[in-house]
Amino acid sequence: RSCACPLRLFQTADSCPSPWLVEETFTIDEVSEVLNGLQAVVHSEVESELINTAYTNVLLLRQLFSQAEKWYLKLQTDISELENRELLEQVAEFEKAEFTSSNKKPVIDNIKPKLAPLNEGGTAELLNKEILRLQEENEKLKSRLKTLETQATNTLDEKSKLERALQDLQLDQGTQKDFIKTQDLSDLENTVAALKSEFQKTLNDQTENQKSLEENLATAKHDLLRVQEQLSMAEKELEKKFQQTAAYRNMKEILTKKNDQIKDLRKRLAKYEPED
């Protein structure tokens, strides 16, 4: 069987057709061979475009994440927005308008103003400096807290040593009491009383010093919590200001448009996939 098929429509001016393509009639096998070749070409082009689009999205996300990491931001994504038909239609209209305007010559009066690049001045710079200052203060408070803890530990160790020395002295006194003469007993008791008085005074001083160290430790911990809270508030404020910038919104719109474009290309590609 044969059929008349104007395959010259598929030829371009630069193509060099095979001799059998210039014939007026073709067999079904020949038509199938031509269509299969066109299907392979279209499949390859669509696949290449999808891969290129995916790589472009990766580069855009890498730039966005690098800027967020530089400014200590916490990014959040809403997957449900990818299925918002209203937003998808707006992206399609934007793409159609941009595609139409790209085929026309630019007019000086109608050139749209471009956004100024992000810099490190203004509020963002102040927030960044405040974050660095709070981090330095946080490190200083941590160092001070560690020093106070060491001092408190040393004081407790010294107190324990003095108590053990007193107990040893009392044991020695009880053991040697029977061997001491009556005239020396009074002197020994006076000495023990003086030692007890001196020990009690030293113990009181150590207790006051320990209380002072504990108060300083508690104050340092409160200061550390306050600095950490200020640091968290500064990070949230910086994140909020970044999300309100036009660059962030434009980046989000571009990503949404690219995702919609990938879905559309996949649907088109599915039409040319051979059924099992």
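**Figure 1. Confidence along the predicted chain.** pLDDT is the predictor's confidence in each residue, from 0 to 100. The model shown is predicted. Over residues 1–17, pLDDT stays under 50. For that stretch the model has 21 contacts beyond four places in sequence. Strand E1, residues 2–4, has the lowest confidence in the chain, at a mean of 41. Helix H1, residues 28–70, has the highest, at 91. The average pLDDT for the chain is 78. A score of at least 70 is reached by 78% of the residues.

**Figure 2. Secondary structure and contacts of the whole chain.** Five helices and two strands make up the secondary structure. Their order from the N terminus is β-β-α-α-α-α-α. The chain has 276 residues, and 18% of them are buried. Take the contacts between residues at least 6 apart in sequence: 80% of these join residues at least 24 apart.

**Figure 3. Helix H1 from end to end.** H1 has 43 residues. At 1.5 Å a residue they should span 63 Å, and the end C-alpha atoms are 63 Å apart, so the two values agree. Buried residues of H1 include Val-31, Val-34, Val-46 and Leu-50. Thr-53, Asn-57, Leu-60, Leu-64 and Ala-68 are also among the buried residues of this helix. An α-helix has 3.6 residues a turn, so residues three or four places apart point the same way. Just after H1, Tyr-72 takes a positive phi of about 60°.

Figure 4. Asn-57 lies in helix H1. Its relative accessibility is 9%, so Asn-57 counts as buried. Beyond its neighbours within four places in sequence, Asn-57 is in contact with Leu-255, Lys-258, Asn-259 and Ile-262. Leu-255 and Ile-262 are among the buried residues of H5.

**Figure 5. Helix H5 and its buried residues.** H5 has 27 residues, which should span 39 Å at 1.5 Å a residue. Its end C-alpha atoms are 40 Å apart, which agrees. Tyr-248, Met-251, Leu-255 and Thr-256 are among the buried residues of H5. Lys-257, Ile-262, Leu-265 and Leu-269 are buried too.

Figure 6. Thr-256 has its place in helix H5. With a relative accessible area of 13%, Thr-256 is buried. Leaving aside neighbours within four places in sequence, Thr-256 is in contact with Leu-88 and Val-91.

**Figure 7. The second largest pocket.** Rolling a probe the size of a water molecule over the atoms shows where empty space is left. The second largest pocket has a volume of about 270 Å³. Helix H2 (85–102) and helix H5 (246–272) are the elements that give two or more residues to its lining. H5 gives the most, with eight residues. The lining has 14 residues. Asp-260, Gln-261, Lys-263, Asp-264 and Leu-265 lie nearest the pocket centre. By class, the lining holds nine charged residues, four nonpolar and one polar. Leu-265 is also one of the buried residues of H5.

Figure 8. Glu-130 lies in helix H3, residues 123–176. At 29% relative accessibility, Glu-130 counts as partly exposed. Glu-130 and Gln-230 are 100 residues apart in sequence. In space they are 9.3 Å apart, C-alpha to C-alpha.

How values were computed. Residues numbered from 1 in each chain as written. Predicted model: local features only at pLDDT ≥ 70, side-chain atom pairs only at ≥ 80, totals over all residues. Heavy atoms only, no water. 1 Å grid on protein atoms, 1.4 Å probe; cavity = no way out; pocket = protein on both sides within 12 Å on 5 of 7 lines; lining within 4 Å. Points joined across faces, edges and corners; volume = space filled by probe spheres on them. Helix = DSSP H or I, 4+ residues; strand = E, 2+ residues; numbered from the N terminus. Nonpolar A, V, L, I, M, F, W, Y, C, P; charged D, E, K, R; others polar. Contact = heavy atoms within 4.5 Å. Expected span 1.5 Å × (residues − 1). Buried < 20%, exposed > 50% of the residue type's maximum accessible area, 1.4 Å probe, protein only.
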